[in-house]
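Dear colleague,

Here is the structure I promised to pass on to you, and below it you will find my notes on a few parts of the chain. Please read them with the structure open beside you.

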Amino acid sequence: MSGSTTSGSTGSGSTTSGSTGKITVLIADDQPLVRRGMALILAPDPSFEVVAEAENGEQAVALAHRFRPDVVVMDIRMPVLDGVAATEQLANALPECRVLALSTFDMDEYVVAALRAGAYGFLPKDISPEELTAAIRTVHTGEAAVAPRLLTRLISTYVRAPRIPQPPAPSLDGLTPREVEVWRVMATGLDNAEISRALDISVSTVKNYITSIFGKLQVRDRAQAVIAAYESGLVEPRAVAERPVGRTGTS
């Protein structure tokens, strides 16, 4: 594969953190300077190892199967196979390989598609090195990492003008009235502590409700739950102020 590079790996190619003690990372972006820039950001930190780089989604999927990285930093707009399709393939075939989606544009409907496809988070490409490393660590633990300043505004725009075919909206059937209330408040951007205060319940009770909501909606994390709230009509864009949305799944 002419555009791919690998590093720090021998033998069968598998370099998961279990064998190296580091978070192994694959970087997929069609711009060589972006790939190199991210690799140089991660290189000085001994907790990371960049095991491969890919210039399109097809290469990313192939290299992920070869090296089994912990995290794939994936540009969502690439040639041959875009990042959304590549993310869906990895989520189905290698669920232990967690995708962090990147986009040049803050307001990009493909970001929502990537989250639906199985990405554990999204960041714009103008993030700081500190934000990049923090997000990789977050998705490595299995939590969602979405830039708080973007999620609510992004989904609001997506709901107003969807340009990607959408699956049927989730039903409220099966949720208790209290779970629906917690889901609605969560979707407006409140974190668990704020939900606790707003509904006069303990934080631990909020976490229990959210875990139950995730299970009944069959969503993995907070970002997917917020998307589902918009698609079901539970929350309308005009009802949501510019508030940060929690970055983790149930905490």
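Gln 218, which comes just after helix 10, takes a positive phi of about 60°; please bear in mind, here and throughout, that the model is predicted. Helix 10 itself covers residues 203-217, and its 15 residues reach 21 Å from the first C-alpha to the last, which is close to the 21 Å expected at 1.5 Å a residue. Its buried residues are Val 206, Ile 210, Ile 213, Phe 214 and Leu 217. When one looks down the axis of helix 10, these buried residues fall within an arc of 100°, and they therefore line one face of the helix. What covers them includes helix 8 (177-187), helix 9 (192-199) and helix 11 (222-232).

Arg 35, Met 38, Ala 39 and Leu 42 are buried in helix 2, and because the buried residues fall within an arc of 100° when seen down the helix axis, they line one face of the helix. Leu 33 and Leu 40, by contrast, are exposed on the other side of helix 2. The buried residues of helix 2 pack against strand 2, strand 3, strand 4 (71-75), strand 5 (98-103) and helix 6 (129-140).

Strand 2 (residues 23-28) pairs with strand 3 in the parallel sense, over six bridges, and the chain runs from strand 2 through helix 2 to strand 3 in a β-α-β crossover that is right-handed. Within this pairing, Ala 28 has Ala 54 of strand 3 as its bridge partner. How many of the residues of strand 3 are buried? Seven of the seven are, so strand 3 is largely enclosed by the rest of the structure.

Finally, there is the residue Glu 55, which is found in the loop between strand 3 (48-54) and helix 3 (57-67). Glu 55 is partly exposed, with a relative accessible area of 24%, a value that lies above the cut-off for a buried residue, because buried means under 20%. In sequence Glu 55 and Ala 28 are 27 residues apart, whereas in space they are 5.7 Å apart, C-alpha to C-alpha.

With best regards

Key
Residues numbered from 1 in each chain as written. Predicted model: local features only at pLDDT ≥ 70, side-chain atom pairs only at ≥ 80, totals over all residues. Heavy atoms only, no water. Helix = DSSP H or I, 4+ residues; strand = E, 2+ residues; numbered from the N terminus. Buried < 20%, exposed > 50% of the residue type's maximum accessible area, 1.4 Å probe, protein only. Pairing = 2+ DSSP bridges. Right-handed = clockwise from strand over helix to strand, strands pointing away. Expected span 1.5 Å × (residues − 1). Arc of directions from axis to C-beta. Contact = heavy atoms within 4.5 Å.
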